[in-house]
Amino acid sequence: MKTDIINLVKLGLQEVPELTEFLDDQIAENAVERTKDLVHGDFSSNIAMRFAKVTKNNPRDLASIIIKKIPKNNLVKKIEIAGPGFINFHMSDAAFHQEISKIIDIDDLYGKHPGKRKGKILLEFVSANPTGPLHVGHGRHAAYGATLGNILNAAGYEVKREYYVNDAGRQMDILCVSVIIRILESNNPDLIMPAAGYLGDYIKIIAESIDEKIDNTLSEIILQLQNGDNAQDKEQYIDAIIQSAKEILGIEKFSVIKQTSLESIRFDIEEDLNEFGVTFDSWFSENSLAEQGHIKKILSLLKDKELLYKKDGAIWFKATDFDDEKDRVVTRENKNNTYFTSDIAYHHNKKLRGFDHLIDILGSDHHGYIARVRAGLVAMGHQASDLEVELVQFVSLFRAGEKQSMSTRSGEFITLRQLREEVGNDAARFFYIMRSNEQHLDFDLELAKSKSNENPVYYIQYAHARIASVFRQLEEKRFLYDEQKGKDNLSLLITKKEKLIMSTLSRFPEIIELSANNRAPHNLAQYLRDLANEFHSYYNDSIFIVEDEKIRNARMLLIKATQTIIKSGLELLGVSSPKSM
RNA sequence: GCGCCCGUAGCUCAACUGGAUAGAGCAUCAGCCUUCUAAGCUGAGGGUUAGAGGUUCGAGUCCUCUCGGGCGCGCCA
């Protein structure tokens, strides 16, 4: 509907001689918006005010010139100038009726344009280290990423979802020795898990699943280390244990235990996410970058471009040449490559796989990292704008007004799985995305669980269920629902509430567009709340199952369309639409 | 110290990226079930958009400063 107005404005503007030198394609697109208040009509344009100055016109005069050039169309009832120079469009009733019929006809495709846009997007999210179960913070990333992916799809983008598995580096070794210590523990009760190790119970479960025999001399060495001086520095201490474990077990056996532990956790994460309705097209292993020589390749390419130099025994990348605030180490003094080096290789690889636009969803604490990854990407010959980063703020969990602690290392955090079991997937998905991702989220467990008007997810689902119930009642009362009669009699829907619902339904395509472009799923959640509100209000105000066949079918058609949009919208959010509650 | 983000009703948050009278929910108060699900509806009160300047037809939104909060500034990941 909005595009109809945009097109009319475009046609009109082309005919205004004063404006021709300023026009481009985008201008009309951005110059038409929904009005906040229906007394201003349905759509409004500020174009006359924006161009009053450069064309040396009075805005209201310019507006009247433009209006005269806008072609007549039966969707538009009236165009008028208001206030300082707004051009307000009042849509005809037929325009809304046409939209309602369209919703009924194309059902859950309404407002969605699969394949409409060119360009492939790689959406990377969660990417939590596979060293333990997901916690409630990861849940927000999962919900946000999955929903954003759905919305981008609906808006016509081709999107692939990817999870980057950080299966390389020291964290994995720490995970491995944590498991080994749990294995040894059964015969050596004096062993204590190092402070830098992983304390969670899931480590014990992994340990029990591993039947590798481990030489007891390792226990003795660990016991010695445990009581020795270097137990003071927890990082040094655990590195010493890693060292000994690798020597005594041999690198091969160590790798087997590491791989088994990793796979076990990764599988658990995948299962957890699947249950949450969050799926990925690919799981990309950090290790594979080194194994397939991508990291070497990157380093030699950077060297060829003379973007590397040696200092203090390490190799540095001239990130400052690409708008980063300082240069960054790619290869340490100990010859190991940094995490950052993997990341250049990884992002370069994404581009090589044919993705035009890369979206990373990261925790807000990673914001300092964006500039350097982008620098790496540009150094590899890509555009800075190819990489987009969406930051997600932290989640605080509240129970009965008390903030819950979330200490990761101690293993005392609340997992995503626990949260889902407690409040249910639907409430969890909705609560995670109902607030802007740029805002800290206070997640109130009691509120999420409450099956009352305090809980917005039930409020929306209830509207859907109520409509289903009305249709059941219709059948019980032996009335027939005639879709065609409904369409033919939409003009009988003349109350304020009915017109408001029609207007809101017709906004759905704009909401998808808006939340896709702004990467803002919460706009959709907000919209669905508004729509549910308007329906509940209508429900209390009018009876749908009435004797008059024409009015009855028209009203049933309208609530059917409402139900369709609620279902379609909730589906994008990953929330179910129950038929009864 | 430097950089990024944030500050909107008692609380939790919106506000279509510069538009018209800043909106919801919770909480508070007052009403609505012998008729389609009361997990609902109707109404009331509640604001100097942290503060001060500036830009312009027009600012919660853009710029500058101040105050307050979060995060980041490793050869960690």
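Let me start with the second largest pocket: 41 residues line it, and those nearest its centre are K2, P509, E510, I511 and E513. A pocket here is an open set of points on a 1 Å grid over the protein atoms alone, where a 1.4 Å probe fits and protein lies on both sides within 12 Å along at least five of seven lines; lining residues have an atom within 4 Å of a point. Two or more lining residues come from each of α1 (2–14), α2 (25–30), β1 (32–34), α5 (93–106), α21 (496–506) and α22 (508–517). These elements are DSSP runs numbered from the N terminus, helices being H or I of at least four residues and strands E of at least two.

This is a predicted model, in which local features need pLDDT of at least 70 and side-chain atom pairs pLDDT 80 or more, while totals for chains, interfaces and linings use all residues. Residues are numbered from 1 along each chain as its sequence is written, chains are lettered from A and ligands numbered from 1 in the order written, and side-chain values use heavy atoms, without hydrogens and water.

Back to the pocket. Its volume is about 1,200 Å³, taken as the space filled by probe spheres set on grid points joined across faces, edges and corners. Helix α22 gives the most to the lining, with 7 residues. By type, the lining has 16 charged, 13 nonpolar and 12 polar residues. Charged means Asp, Glu, Lys and Arg; nonpolar means Ala, Val, Leu, Ile, Met, Phe, Trp, Tyr, Cys and Pro; the others, Gly among them, are polar. Domain 1 (2–91) and domain 3 (452–573) each supply at least three lining residues, with bounds from an automatic or database domain assignment.

Next, salt bridges. The count is 25, a salt bridge being a side-chain nitrogen of Lys or Arg within 4 Å of a carboxyl oxygen of Asp or Glu.

E185 pairs with R182, with 2.7 Å between the closest N and O atoms. Both sit in helix α7 (residues 170–185), 3 residues apart, about one turn of the helix. E185 is partly exposed at 24% relative accessible area, whereas R182 is buried at 13%. The cut-offs are under 20% for buried, over 50% for exposed, and partly exposed in between, with a 1.4 Å probe and protein chains only.

K350 and D360 form a salt bridge at 3.0 Å, N to O. This pair links helix α14 (residues 339–352) to strand β11 (residues 357–363), 10 residues apart. Are K350 and D360 buried or exposed? Both are buried. E124 joins K350 and D360 in a network of salt bridges.
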